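Hello,

Here is the structure we talked about. Please open it and keep it beside this message while you read the notes below.

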Amino acid sequence: MIFASHLLSLAIWLPILFGVLVLATGNDRNAPMARMIAMVGAVLGFLVTLPLYAGFDKMTSAMQFVENYGWIARFNVNYHLGIDGISMLFILLNSFFTPLVVLAGWKVIEKRVAQYMAAFLIMSGIVNGVFASLDAMLFYVFWEAMLIPMFLIIGVWGGPNRVYAAVKFFLYTLLGSLLMLVALIYLYQHSGGSFEILKYHTMGIPMTAQILVFIAFLTAFSVKVPMFPVHTWLPDAHVEAPTGGSVILAAIMLKVGAYGFLRFSLPIAPDASHKLAGVMIALSLIAVVYIGLVALMQSDMKKLVAYSSISHMGFVTLGIFIFNAYGMEGALLQMVSHGFVSGALFLAIGVLYDRVHSRQIADYGGVANKMPVFAAFFMLFAMANSGLPGTSGFVGEFLVIVGAEKANFWFAFLAATTLIFGAAYTLWMYKRVIFGAVANDHVAHLSDITLREKVIFSILALTVLGMGVYPLPFSEIMHVTVNDLLVHVARTKF
Amino acid sequence: MSFLSTLYPAYAEIFLLVMTCAILIVDLFVTHKDRTLTYLLVQFTLLGCAMITVATHQPGVMHLFHNMFVDDLMSDVLKLLSYLSVSMALVYSRSYLLTRGLFSGEYMVLTLFSLLGMMVMISASHFLTLYLGLELLSLCLYAMVALERDSTAATEAAMKYFILGALASGLLLYGMSMLYGATGSLDVSTVSDAIKRGVPNKELLVFGLVFVVAGLSFKLGAVPFHMWVPDVYHGAPTAVAMLIGSAPKLAVFAFVMRILVDGLQPLMEHWSAMLMIMAVLSMAVGNIAAIAQTNIKRMLAYSTISHMGFMLLGILSGNIEGYGAAMFYNVVYVLMNLGAFGIIMLLSREGFEADTLEDFKGLNQRSPWLAFMMLLLMFSMAGIPPTVGFFAKFAVLQAVIAAGYMWIAVVAVLFSLIGAYYYLRIVKLMYFDAPESYEPIKMQPDTGLLISINSLSLLALVLIPGTLQTLMSVCAVSVGQSLLLH
């Protein structure tokens, strides 16, 4: 059947198509219809990604579900899709979150509903495209296209300082991407006119060029991750974005950067990666420790979770650049888990914000008295964020620490401080918001979460616990691919 | 063979001239205020020109009038695109001009004469023919800028345009006379052969080249000869600014190709160095100055300067790929420019010009569709995929890097980043801000349809497989063929 052989295209274009359909419903008079179509599109978008998991061959690191058609013959650009053990999980993660985000914005978004829903659906398709592209130009097109819906989401439905945040987000990311474009054109010339990413992997590149290419990719990916000195757009964007925007930013967009390292930087410039690994590890550790401390000082819940995200992503880049299987698998698991946990935390903060319209920790206190069910869910996610064993947060962090220990004791030591800082900032925030006496009238009038919210949180809670107790379904997918990548990266490419 | 049948490569020009004169007379008898008959005749003429150009096309290169006129694939493609953009410009500007009482027979006749000038430029293979075409084009444009007699801004703009334009023409002629002195000919291919054989006085040649490049860059609006662009765009009626920014750029591109690339190929090391400075400066000045503008026409003027700088990059890379990329860039630029001005005119009403940035506030709430069209145009101008503007930039960058100018590519990319800011600002105004008036936007069905096609094509060219490839190949092949002249 035609669908079976085009699953990846379906995962990309189905949500986009539904996004356009939602747009066609027009103004807010038709909001209920827009919501319904969006929901159907999001759920269908998730369903078509399930056969990817079911039909995935775990024993090979070769690309699967490949589709390859000519696109712009003049520059040898192809519509070439395929996934391996690394990209597959992210497509699932992304498609999994789209229905949740649609559901989370169901009641809250009242203005320009159709555009809001459409932006998320289109975004979802584009992000799948980023993860599935095997052609560098196709990748770049999806990569940049991702900016447009996110820019609008932050700018149209965001908080008071949204314009500043949206423009900062856009320009920061664009700077990185444009340098990557120059690097891609260089690789195109060097490879004799090809944009095949897999060809770049096996192509010999001199050391100086490798370093320049690595740096160009680094600017693009480090902004997205974000890594330590270029992270400042993230707290702004998160604070101003609507809940759904924050969720997608934290759960999906940040992963795109780390994925870039694995798909481009490491295999294309392995020697440069080894040479610059020290810098990368240092930046990662700064993110883990310093940003962890910064998070401790936040008075705004969203900012706190944003900084916590940067700190956790520091773990991911650390795991990638210590070049062993523990580290890399840990990094990948951490990415998936962080997707679930940070997404859940932002949704939880969104629940509070929708009721009280404040993100300040000081405006809350004693929420548990009024919202016991919510408090329980929030507790679980806070624990997962601090890496409690039995939750998904633990698996990745533990593996990365083990990997770091194999590389250097002090790496592991510094990285492990996150277990303390993470617990400190998350639980301290939790304590101030949830426990204690009812702080003010706003809190006194809170009502517990609705059925719709319960559904969202239950799904996430089950995933977080499931992944913490039994991570094998996640790790077995990536196992072979990670090992082959490490073998590949260990070989020099002069 | 009869004399007439030997003229067939120039049939389109002849037809246009005859029809224009006919329209001039017919219009005298049109009493109706909205000039429907004249307008339809003009559109019919453009269609006729297109059909003739297609019908008289044949493979290979044809010379006519003692080598003064050339007909090749590049000229046919550029002419067809010029008809298209003039015709689109007329559709967009019709109701704008009608409400201002400017939609007169003269306007249309001047438009057609300027088109004739462009066609002569596109097909010129002799310095004098080039000059003739250029002057015909420029004189019509000067008059059109001043068409709104009561407006001081328009008069001032026309005056500036005229004086600076005359100066640039003078520079160009002066440069041509030196080339003539050094090589003894004004025929493009003879000049090229003479230089290749070696001329005794190389200094004279290079000196002449400097003047020619200066004259050219004035017409392109590249820094440091860009001063007129913002004033003219700002002062002229929007419809005229749109015309100046669209089809003539195609003609000037042909001009650059014929003079620099064809005629003065042996002096490439000299002119490419000059173009390099102009290109980098244009991108810098255009993109940075655009940020400070509050008038959208002025902003688009600076954006034009930066786009021309980017286009020059393709030419200075000095290979066929680069020329093809430059042509493609130019075509895409014209398309975007037409759309952007079209939307500005749509938002204008009787006695009200929608030419400040503020007028775009909250457009998404007044008309989501129009806002989305403008969004596509802005992202395309900024060069953000998946719009075609990105692929235009990409093709040029690719040629520049292939020619070994990695640093220029990085500079170009950084200036595009700065440029992205002011395009984003329009998107921000349309989507993030509340509108100042909720007055409904009146749109003629034909204008609305054309605007939609125009903007959606920026996306469709990329998303429909094969179309982008076709357009790029047409550019590359046609430029390549015109270079095989020698």
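Predicted model: local features only at pLDDT ≥ 70, side-chain atom pairs only at ≥ 80, totals over all residues.

Helix α21(A) itself runs over residues 451-469. Its 19 residues reach 26 Å from the first C-alpha to the last, close to the 27 Å expected at 1.5 Å a residue. Its buried residues are Arg452(A), Glu453(A), Ile456(A), Phe457(A), Leu460(A), Ala461(A), Thr463(A), Val464(A), Met467(A) and Gly468(A). Looking down the axis of α21(A), these residues fall within an arc of 160 degrees, so they line one face of the helix. The face turned away from that buried side carries the exposed residues Leu451(A), Leu462(A) and Val469(A).

One of the covering helices, α4(A), has 18 residues. From first to last C-alpha α4(A) reaches 26 Å, close to the expected 26 Å. Since 18 of its 18 residues are buried, α4(A) is largely enclosed by the rest of the structure.

In chain B, how do α4 and α15 pack? Helix α4(B) (residues 73-99) and helix α15(B) (residues 320-347) meet at an angle of about 5 degrees, with their axes 9 Å apart. Angles under 35 degrees count as roughly parallel, and α4(B) and α15(B) are therefore roughly parallel to each other. The residues that meet include Leu78(B), Leu81(B) and Tyr92(B) in α4(B), and Val331(B), Leu335(B) and Met345(B) in α15(B). By class, this contact has 14 nonpolar, three polar and no charged residues.

Regards

How values were computed: Residues numbered from 1 in each chain as written. Chains lettered and ligands numbered in written order. Heavy atoms only, no water. Helix = DSSP H or I, 4+ residues; strand = E, 2+ residues; numbered from the N terminus. Expected span 1.5 Å × (residues − 1). Buried < 20%, exposed > 50% of the residue type's maximum accessible area, 1.4 Å probe, protein only. Arc of directions from axis to C-beta. Axes fitted to C-alpha atoms, helices over the stretch in contact; angles between N-to-C directions. Parallel < 35°, antiparallel > 145°, perpendicular 65-115°, else oblique. Contact = heavy atoms within 4.5 Å. Nonpolar A, V, L, I, M, F, W, Y, C, P; charged D, E, K, R; others polar.
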